[in-house]
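Here is a short tour of the charged side-chain pairs in this protein. Have the sequence and the model open side by side as you read.

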Amino acid sequence: MKPDLLPSARASGLFSELYIGLMSGTSLDGVDGVIARATPHGWETIAHQHRPFPAALRDSLMALNTPGTDELHRSALASQALARVYTEVVEALLTCSSLPASAIQAIGAHGQTVRHRPELGYTLQINQPALLAELTGIDVVADFRSRDVAAGGQGAPLVPAFHQAVFAHPEHTVVALNVGGMANLSILRPGHAPLGFDCGPGNALLDLWCQRHTGQAYDANGVWGASGQVQAEALQTGLQDPFFLQAPPKSTGRDLFNPDWLARWLATWPQAASPADVQATLCELTARSAAEAIQQHAPEAKEVIVCGGGALNGDLMRRLARHLTGAKVLRSDERGLNVMQVEAAAFAWLAWTHVQRLAGNVPAVTGAAGPRVLGALYPAR
């Protein structure tokens, strides 16, 4: 039985409402959407749809991650285009589930992170929730992270409470490891509030290097990376980045792990290293940084449940298993939730918490001054 995190809501019996969650992460591969609902025993996902970003939108979003000219105008246009892709996903979800828009209580729309600087008091997810509400005829909850940042928190990660609702075990510690563009983990101990933090890069640098040298959007199943040799000295240099040594609460993004970071790191490498060696070492960096964080903060964990696009990288999964010999490393599919549905389902859950006026953050995770209701509501009518 899962821990009862939301006793007041459970007592109200409000478990029939359907929510849509939309997630477009730092990997910039597109939008995942789910229809889901809370149940007395956890969280049920009813439908899932994915739409890749058009190349022009992906390029625009990537460019907005770094300072440039005419950013306000470009951001406004990109947010409108993003809302239209979100709308496509919503329409596909309603079609495949044979549901009308009126059946959905609200959409939880994360937006696209283009800046994340909580140390300066802000995080920015571009979005156009008013347009999304207009196009879909459904209430939209958006801008989830800002309220936590306003309370002194990192604004991330926000998924640990959801991970606890769906993955916690009553008798032993579980770690949920999400490997999207960046990697974050949730520590789920029986009888305790969840803990969690960003632990380093996930797919962002792997995908960047793969695109640069193979022309492919990502290294399918990690086959290319598995063909290279890890450069031990370069790996250790990368693992000395101050972020890895920083104590939680902490969060990161493309503001740190970006092409400039990669270029500085590669400048320390031996000239003989091949592109496949770099890919192998990047994969090992992701695995080692996550495994060492788990070993330091949850050495007793019996299971590490991996979700996000990184769970589809067989090379990464094998590396994680080699470093985490005391735990079973498995994909979230084995615990009832497809690896590409978890984050979208989390934002459906966060929309639900907003509507129910329940706190969506965990102060011990983000460092916020206290529990806060997250998000802003954009009514459809």
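A salt bridge here is a side-chain nitrogen of Lys or Arg within 4 Å of a carboxyl oxygen of Asp or Glu. Searching the whole structure turns up nine salt bridges. This is a predicted model, in which local features need pLDDT of at least 70 and side-chain atom pairs count only at pLDDT 80 or more, while totals for chains, interfaces and linings use all residues. Residues are numbered from 1 along each chain as its sequence is written, and side-chain values use heavy atoms, leaving out hydrogens and water.

**A pair within one helix**

- Glutamate 292 bridges to arginine 288, with the closest N and O atoms 2.7 Å apart.
- The two sit four residues apart in helix H12, so about one helical turn separates them. (Helices are DSSP runs of H or I, at least four residues; strands are runs of E, at least two; both are numbered from the N terminus.)
- Arginine 288 is buried at 17% relative accessibility, whereas glutamate 292 is partly exposed at 34%. (Buried means under 20% relative accessible area, exposed over 50%, partly exposed in between, using a 1.4 Å probe and protein chains only.)

- Arginine 335 and glutamate 303 meet at 2.2 Å, N to O.
- Arginine 335 lies in the loop between strand S12 and helix H14, and glutamate 303 in strand S11, so their bridge ties together parts 32 residues apart in sequence.
- Glutamate 303 is buried at 8% relative accessibility, while arginine 335 is partly exposed at 36%.
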